[in-house]
Amino acid sequence: MADLSVRINRLKLKNPVMTASGTFGYGLEYADFVSLDQIGGIIVKGTTLQPREGNDYPRMAETPSGMLNCVGLQNKGVDYFCEHIYPQIKDIDTNMIVNVSGSSPETYAECAARIDKLDKIPAIELNISCPNVKQGGMAFGTTCAGAASVVKAVRQCYNKTLIVKLSPNVTDIAEIAKACEAEGADSVSLINTLMGMAIDIEKRQPMLSIATGGLSGPAVKPVAVRMVWQVAKAVKIPVIGLGGICNAADAIEFLMAGATAIQIGTANFLDPAVTVKVRDGINEWLDRHGCASVSEIIGALNV
């Protein structure tokens, strides 16, 4: 068996397979289907400083080779997470990582500071694709200045591994990744969902309550692989790749493009055990090709 362990700064993963936020709940929901301790890292659903109700239904719509969602970060807030969820997940034998969202650099920072006090949460993932009310509804992740402002604020009060999740709805994602790196990000993860829309032609109405939503699933994978490849060449910090990964071959594409680890999202809805199957598939591929370690194929694209 090959050595599947990888490092994201101080964070050691037993294998490069992680779950994407919003698709795996708090991990507990999947415990009957897969051994959680066999996953390299679990990124729990988005957490905000204050509780959020999310958007009205319908929130999801199936599309060819993918799905749209506009859940809207529904959660009970960081204090509820610390008091009620953390005690249930703190002893799971893998890296439990919290996805953090906010409406301003200050709310991101305060949320991160509270999670920083939790001994068994070794990292957070900043979602900088949320609405930025201070910039008229734009997303922090669509400008270098916006992304940098959030990372800087969080870095000042958060001492553990800091991953920043990047939006693909930009002109040059590599420049935004570099802005995050400059302000102290330990890693970047990409891509978040692509903005999309679907219409019910009989009702002449959008299929989602707020008209548009995030597109995920196999349809986005070629875009995601391209962006991971571009960002991995532009930064020195580790890159975590995600977007449409359904099997080991998909994951290996991201690793060869330069990702140190990968996240699986939408595929969890189709197969709750897909993470472990992908881990095993990566190992089988490495054994078949005479590789002693997964590190041998990270960034090993012949271009």
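Leaving aside neighbours within four places in sequence, which residues is Arg279 in contact with? The legends below refer to a predicted model.

View 1. Apart from neighbours within four places in sequence, Arg279 is in contact with Leu4, Asn15, Val17 and Gln38. Its side chain is joined to that of Asp280 by a polar contact of 2.8 Å. Arg279 counts as buried because its relative accessibility is 15%, and buried means under 20%.

**View 2. The barrel and the pairing of β3 with β18.** The barrel is closed by 8 strands in the order β3-β4-β7-β8-β11-β12-β17-β18, with parallel pairing. From one strand to the next, the twist averages 25 degrees. Strand β3 (residues 17–19) runs parallel to β18 and is joined to it by 3 bridges. Within this pair, Met18 stands opposite Gln263 in β18. Helix α8 packs on the sheet, where it touches β3 and β18, and its direction makes about 165 degrees with that of β3.

**View 3. Helix α5 across β12 and β17.** α5 lies across β12 (187–190) and β17, and runs at about 175 degrees to β17.

**View 4. Helix α6 (residues 248–257), mostly covered.** Of the 10 residues of α6, 7 are buried: Ala248, Asp250, Ala251, Ile252, Phe254, Leu255 and Ala257. These buried residues pack against α5 (221–234), β17 (239–242), β18 (261–264) and α8 (274–288).

**View 5. The two ends of α6.** At the start of the helix, a side-chain oxygen of Asn247 comes to within 3.2 Å of the backbone nitrogen of Ala249. Gly258 follows α6 and has a positive phi, near 125 degrees.

How values were computed
Residues are numbered from 1 along each chain as its sequence is written. This is a predicted model: local features need pLDDT of at least 70, side-chain atom pairs count only at pLDDT 80 or more; totals for chains, interfaces and linings use all residues. Side-chain values use heavy atoms; hydrogens and water are left out. Buried means under 20% relative accessible area, exposed over 50%, partly exposed in between (1.4 Å probe, protein chains only). Helices (H or I, at least four residues) and strands (E, at least two) are DSSP runs, numbered from the N terminus. Contact means heavy atoms within 4.5 Å. A polar contact is a pair of N or O atoms within 3.5 Å; within protein, one must be able to donate a hydrogen and the other to accept it, and residues adjacent in sequence count only if both atoms are side-chain atoms. Two strands pair if DSSP finds at least two bridges between them. Axes are lines fitted to C-alpha atoms, for helices over the stretch in contact, and angles run from 0 to 180 degrees between N-to-C directions.
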